[in-house]
Amino acid sequence: MGQLLIYNGNNAKAHVLLREAARYILASGGEISGSAEGYSIDDLQREDFCFPSACSNALIFGGDGTILAAVRHLAPLGIPVCGVNMGRVGFLSSLEKEELLPGIDSLLQGNYTVESRMMIHCRVQRAGQIVAEYEAFNDFVVRSGELSRAISYSLFIDQQKVNDYMADGIIVSTPTGSTGYSLSAGGPIVQNDIRILLITPVCAQPFFSCSIVASPESKVEILCSGEADRPSLTADGQSCFSLQLHDRLLLSVAKQPAAIVSIRPENYFARIRKKLYRSR
């Protein structure tokens with residue numbers, strides 16, 4: 001089985017490095033699934049796009065946003081993702097640019113592990129009908145579509161009401177996403193191998209303004225309750241859906257986890273220090 005090559009189509013350097021990787025894979029006796037020129041993230045989003053068969057791994061050339069988009073497409077297919085950092089932080093990447101060729105050697109020789117990372121599934125229910133469905137690797141965020149405007153919503157976990165909120169928004173994240181927007185909103189850091197749903201209100205009024213940890217079996221429900229609100233739902237900060245009054249968001253752990261390649265063992269908190277502190 002071959003390596004599937006994907007890149008950020010807005011980053012010319014990413015495509016240059018992808019072509020270098022393709023030449024090295026073929027020269028090393030490896031195989032490439034589909035085109036040796038690779039596929040852009042935009043290609044994956046076309047309705048008529050068909051993934052090449054028999055992919056052993058997918059090498060993703062781009063930043064965290066590119067990796068997030070690729071994971072949402074590849075997780076349902078069970079294809080492990082190996083990100084090559086072409087961005088600023090690269091917290092989700094498996095390799096830095098300077099590690100690319102030794103990393104390819106490890107992939108071709110089978111010297112790597114695959115981590116199973118949970119994802120979240122969200123259905124938007126309107127007047128009793130499901131009108132949209134999304135999956136997220138990092139998080140789902142509900143917030144106002146208008147600048148600096150708070151929104152009203154109610155939170156339920158397993159059909160039990162938690163609280164009514166007036167806040168800038170709410171984040172439901174995976175453990176992987178705990179180091180993203182949730183962390184900036186005051187949420188905790190959660191190790192990747194812990195299976196939980198992390199719920200973090202954004203700038204909420206004091207009562208119940210802290211993060212809530214729910215079990216992976218929990219069903220989380222958010223009810224849009226503000227008449228004048230114009231909230232929106234985003235998946236991984238990318239896919240966006242406009243919400244209406246009385247819309248219900250039904251969130252749970254996705255059936256299919258993401259598969260993330262780990263080339264070498266790394267201390268989780270050392271990675272946080274190296275990656276997140278470097279971004280400041």
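Start by selecting Arg-117, which sits in strand E6 (residues 113-117); strands here are DSSP runs of at least two residues and helices (H or I) runs of at least four, numbered from the N terminus. Before you click on, note that this is a predicted model, where local features need pLDDT of at least 70, side-chain atom pairs count only at pLDDT 80 or more, and totals for chains, interfaces and linings use all residues. Residues are numbered from 1 along each chain as its sequence is written, and side-chain values use heavy atoms, with hydrogens and water left out.

Is Arg-117 buried or exposed? Arg-117 counts as buried because its relative accessibility is 11%; the cut-offs are under 20% relative accessible area for buried, over 50% for exposed and partly exposed in between, with a 1.4 Å probe and protein chains only.

Next stop, the cavity. There is one of 30 Å³ or more, and the largest cavity holds about 40 Å³ of space. A cavity is a set of points on a 1 Å grid over the protein atoms alone where a 1.4 Å probe fits but cannot get out, and lining residues have an atom within 4 Å of a point. Points are joined across faces, edges and corners, and the volume is the space filled by probe spheres set on them.

For the lining, select Ser-93, Ser-94, Leu-95, Glu-96, Glu-99, Arg-264, Arg-271, Lys-274 and Lys-275. Strand E5 (95-96) and helix H6 (268-278) each give two or more residues to this lining, and H6 has the largest share, with three. Colour by class and you get one nonpolar, two polar and six charged residues.

Last, two loops. Pick Cys-203, between strand E13 (197-202) and strand E14 (212-214): Cys-203 is not a glycine, yet its phi is positive, about 50 degrees. Cys-203 counts as exposed because its relative accessibility is 59%.

Then jump to His-246, in the loop between strand E17 (239-242) and strand E18 (248-253). His-246 also isn't a glycine, and its phi is positive, near 75 degrees. At 54% relative accessibility, His-246 counts as exposed.

Technical notes:
1 Å grid on protein atoms, 1.4 Å probe; cavity = no way out; pocket = protein on both sides within 12 Å on 5 of 7 lines; lining within 4 Å. Nonpolar A, V, L, I, M, F, W, Y, C, P; charged D, E, K, R; others polar.
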